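Trainee: I have not worked with this structure before. Could you take me through it step by step?

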Amino acid sequence: MPVHASQNGTLESVRELIKSLGEAKIPHAVDVVVAPMALHLAYVQQNIAGEGVQVAAQNVSATGAGAYTGEISAEALVDFGLRWVIVGHSERRALYGESEQVVAQKVDAALSKGLQVIACIGEQLEDRKAGRTMEVLKAQLEAIVTGTKGRWNKLVLAYEPVWAIGTGVVASPQEAQDTHREIRGWLAGAVDAKTAQGIRVIYGGSVKADNCKDLISQPDIDGFLVGGASLVPGQFLAIIEAAGLRSQL
Ligand code: PGA
C-alpha cells in the first residue's frame with residue numbers, strides 16, 4: 001500500500017511521520033511503501049523502522065546513467081538501496097509532459113534494473129462524463145504492457161481517476177470496483193488470465209480513513225495509493241489497518 005507526499009512537507013514533518021509509522025502495527029499481509037520527495041529519500045531510508053515498510057522514489061529517469069543533468073536513473077535508485085518507484089503519476093503526465101512513450105520507457109528502465117514499479121493510470125473527469133474511461137485507460141495500459149515486457153511480478157497498477165486526486169471527491173466503491181474489474185478484464189485479453197488475476201490493482205484518489213474500508217471490501221481493489229491522507233498520521237495508520245482487512249475477505 002504505497003503512500004506518497006508529492007512535493008509536500010518539510011524534513012521536520014517527515015521525521016514526525018516516520019516516527020508514527022515506526023509505532024504502527026502493520027498487518028502481516030500489508031506492504032507499506034513510502035514515497036517521499038527525492039530530497040527526503042535518504043532520511044526516510046535510514047530511519048524507517050519495522051518489517052513491512054519500504055521506500056519508493058516518486059519518479060525515475062527514462063534514460064540510463066550518463067550525461068542527463070538533473071535526472072535520477074534507475075541505476076542510481078538501485079545503488080541507493082531503493083526497491084520501488086512510482087511511474088506515470090497523473091501530475092507527471094499532465095504537468096511535465098510525460099507521454100505514453102515516456103511512461104513505457106520509464107517502466108522498462110525501472111524493471112530492467114530490478115526495481116518494482118507502481119504504474120499509475122487514470123482518466124480525466126471529461127473522459128468519464130463522455131463514457132471514454134476505458135478508452136483512455138486502454139491507451140495507458142498498452143504503454144505499460146510495452147514497457148513491462150512480461151515482467152508482471154514486479155508491477156503494481158494504481159488506478160487513480162484524475163478527478164479524485166487531491167479533490168476530496170473519492171470514486172464510489174462501486175465506480176472504483178467496476179473500473180478495476182474492467183482493467184483486469186482488459187489485461188486478461190491483452191496479456192493473460194493468470195496475470196490479470198495475480199496483479200495488484202490499487203486505488204488512489206482522496207482515500208481517507210472514513211472511505212478506505214468500503215473501498216477495500218471490493219473484490220478487485222487490492223490496496224491504495226494515498227497522497228494527502230498520508231501526511232496525517234492518524235489517517236494513514238487507519239488506512240494501513242483497513243488494507244489489512246483485504247487478506248481476510
Ligand atoms: P490524494 O492523492 O490521496 O491526496 O487524492 C493521491 C495521489 O496523488 O496519488
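Mentor: Let us begin with a term: two strands pair if DSSP finds at least two bridges between them. Please also keep in mind that this is a predicted model.

Trainee: Understood. Which residue in β6 is the bridge partner of I118?

Mentor: The bridge partner of I118 in β6 is V156. Strands β5 and β6 pair in the parallel sense, over five bridges.

Trainee: And how many bridges link β4 and β5?

Mentor: Strand β4, residues 84–87, pairs with β5 over four bridges, again in the parallel sense. Here V85 has V117 as its bridge partner in β5.

Trainee: What is the order of the strands in the whole sheet?

Mentor: The sheet is open and has eight strands, in the order β1-β2-β3-β4-β5-β6-β7-β8, with parallel pairing. At its edges are β1 (2–4) and β8 (224–225), each of which pairs on one side only.

Trainee: Back to β5, then. How many of its residues are buried?

Mentor: Six of the six residues of β5, which spans 116–121, are buried, and the strand is mostly covered.

Trainee: Which residues lie on each side of β5?

Mentor: As a general point, side chains in a regular strand alternate between the two faces of the sheet. In β5, Q116, I118 and C120 are on one side, with V117, A119 and I121 on the other. Both faces are covered, and all of these residues are buried.

Trainee: Where does G204 lie, and is it buried or exposed?

Mentor: G204 lies in strand β7, which covers residues 200–204. Its relative accessible area is 0%, under the 20% cut-off, so G204 counts as buried.

Trainee: What is G204 in contact with?

Mentor: Leaving aside neighbours within four places in sequence, G204 is in contact with Y159, E160, P161 and L225. For a sense of distance, G204 and G122 are 82 residues apart in sequence, and their C-alpha atoms are 9.3 Å apart in space.

Trainee: I would like to turn to the ligand. Which residues are around it?

Mentor: The residues around the ligand are H4, H89, E160, A164, I165, G166, G205, S206, L225, V226, G227 and G228. This shell divides into four nonpolar residues, seven polar and one charged.

Trainee: Which atoms of the protein lie 2.9 Å, 2.6 Å and 2.7 Å from an oxygen atom of the ligand?

Mentor: At 2.9 Å from a ligand oxygen atom is a polar side-chain atom of H89. For E160, a polar side-chain atom lies 2.6 Å from an oxygen atom of the ligand. In the case of G166, a backbone N or O atom is 2.7 Å from a ligand oxygen atom.

Trainee: How much of the ligand's accessible area does the protein cover?

Mentor: On its own the ligand has 280 Å² of accessible area, and the protein covers 94% of that.

Trainee: S206 was in your list of residues around the ligand. Where does it lie?

Mentor: S206 lies in the loop between β7 and α10 (212–216). With a relative accessible area of 8%, S206 is buried. Leaving aside neighbours within four places in sequence, its contacts are A164, G166, T167, G168, V169, V170 and N211. A polar atom of the S206 side chain lies 2.7 Å from the backbone nitrogen of G168.

Trainee: Is G168 buried or exposed?

Mentor: G168 is exposed, because its relative accessible area of 56% is over 50%. It is found in the loop between β6 and α8 (173–190). G168 and G205 are 37 residues apart in sequence and 7.9 Å apart in space, C-alpha to C-alpha.

Trainee: One last topic, the backbone angles. What is the phi of S206, and of K149?

Mentor: Most residues other than glycine have a negative phi. S206 is not a glycine, yet has a positive phi of about 60°. K149 also has a positive phi, near 50°. K149 is in the loop between α7 (133–148) and β6, and at 55% relative accessibility it counts as exposed.

Conventions: Residues are numbered from 1 along each chain as its sequence is written. This is a predicted model: local features need pLDDT of at least 70, side-chain atom pairs count only at pLDDT 80 or more; totals for chains, interfaces and linings use all residues. Side-chain values use heavy atoms; hydrogens and water are left out. A residue is near a molecule or strand if one of its heavy atoms lies within 4 Å of it. A polar contact is a pair of N or O atoms within 3.5 Å; within protein, one must be able to donate a hydrogen and the other to accept it, and residues adjacent in sequence count only if both atoms are side-chain atoms. Accessible areas come from the Shrake-Rupley method with a 1.4 Å probe; for residues, only the protein chains shown count as cover. Ala, Val, Leu, Ile, Met, Phe, Trp, Tyr, Cys and Pro count as nonpolar, Asp, Glu, Lys and Arg as charged, and the others, Gly among them, as polar. Helices (H or I, at least four residues) and strands (E, at least two) are DSSP runs, numbered from the N terminus. Buried means under 20% relative accessible area, exposed over 50%, partly exposed in between (1.4 Å probe, protein chains only). Contact means heavy atoms within 4.5 Å.
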